[in-house]
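This report covers strands, a pocket, a helix and salt bridges. Please look over the structure first.

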Amino acid sequence: MAIAVRNEGSKVNSNINVTPMVDVMLVLLIIFMVITPMLQNKVQVDMAKVDNPTAMPDADKEDAIVVAITRDGGVFLGQDKVAVSELGSRVRDKLADKPGKTIYVRADARAQFRAVEDAIDAVRTAGVEEVGLLTQKREAAGAAAGGE
């Protein structure tokens, strides 16, 4: 009687096929590239540029209450468009459990001053003590002129 020797170990391929892993990573990269801009919680406005802005790091926090005024006079509380007449009551509702909180205003540089004034007035009548006006730092004049 002969003993049958099975040589199955020599057929094992020890190379790793990375093509499926690369495919999955590329799909995830594309998904993140598409979804990330949608996660931004801000209304797009072109804020006024100043030389010496005051730092307001609390405006970037998750629970910050931000009122945005667009160029055409639209008023947004967070991402929701609201009428100026109901802005005060909506702010008062948000501040019910957080008295003494600062409200931040992001106004477009070309927005009419009357719309910004009305929004700030509505926020102040809601009982807000501190209103922060958000601006951007102006780029250096030499850097802007040097590129042309």
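Strand β2 is mostly covered, with 5 of its 5 residues buried. Buried means under 20% relative accessible area, exposed means over 50%, and partly exposed is in between, with a 1.4 Å probe and protein chains only. Helices (H or I, at least four residues) and strands (E, at least two) are DSSP runs, numbered from the N terminus. This is a predicted model, where local features need pLDDT of at least 70 and side-chain atom pairs count only at pLDDT 80 or more, while totals for chains, interfaces and linings use all residues. Residues are numbered from 1 along each chain as its sequence is written, and side-chain values use heavy atoms, with hydrogens and water left out.

Which way do the side chains of β2 point? I65, V67 and I69 point one way, V66 and A68 point the other way, and all are buried. In a regular strand the side chains alternate between the two faces of the sheet.

Two strands pair with β2: β5 in the parallel sense over 5 bridges, and β3 in the antiparallel sense over 3 bridges. Pairing requires that DSSP finds at least two bridges between the strands. On the β5 side, V66 stands opposite Y104. On the β3 side, A68 has F76 as its bridge partner. β2 and β3 form a hairpin with 5 residues between them. In the turn, G73 has a positive phi of about 95°.

## The largest pocket

How much space lies in the largest pocket? The value is about 760 Å³. The search runs on a 1 Å grid over the protein atoms alone; a pocket is an open set of points where a 1.4 Å probe fits, with protein on both sides within 12 Å along at least five of seven lines. Grid points are joined across faces, edges and corners, and the volume is the space filled by probe spheres set on the points.

The lining has 32 residues, where a lining residue has an atom within 4 Å of a point. K42, A59, D60, V66 and R106 lie nearest the pocket centre. The elements that give two or more residues to this lining are β2 and β6 (131–134). β2 supplies the largest share, 3 residues.

By type, the lining divides into 15 nonpolar, 8 polar and 9 charged residues. Ala, Val, Leu, Ile, Met, Phe, Trp, Tyr, Cys and Pro count as nonpolar, Asp, Glu, Lys and Arg as charged, and the others, Gly among them, as polar.

## Helix α2

Helix α2 spans residues 84–94, and its buried residues are L87, G88 and V91. They cover an arc of only 95° around the axis, so they sit on the same side of α2. The arc is that of the directions from the helix axis to the C-beta atoms. On the other side of α2, S85 and D93 are exposed.

## Salt bridges

A search of the whole structure finds 8 salt bridges. Each is a side-chain nitrogen of Lys or Arg within 4 Å of a carboxyl oxygen of Asp or Glu. Side chains of opposite charge can pair when their charged atoms come close.

One of the salt bridges joins D108 and R71, with the closest N and O atoms 3.7 Å apart. D108 lies in the loop between β5 (103–107) and α3 (113–125), and R71 in the loop between β2 (65–69) and β3 (75–77), so the pair ties together parts that are 37 residues apart in sequence. D108 is buried at 8% relative accessibility. R71 is partly exposed at 43%. Q112 also has its place in the loop between β5 and α3, and is exposed at 59%.

R114 and E117 meet at 3.4 Å, N to O, and lie 3 residues apart, about one turn of the helix. D118 pairs with R114 at 4.0 Å, and these two are 4 residues apart in α3, again about one helical turn. R114 is exposed at 52%, while E117 is partly exposed at 36% and D118 is partly exposed at 30%. Elsewhere, salt bridges that share partners join D80, E86 and R90 into one network.
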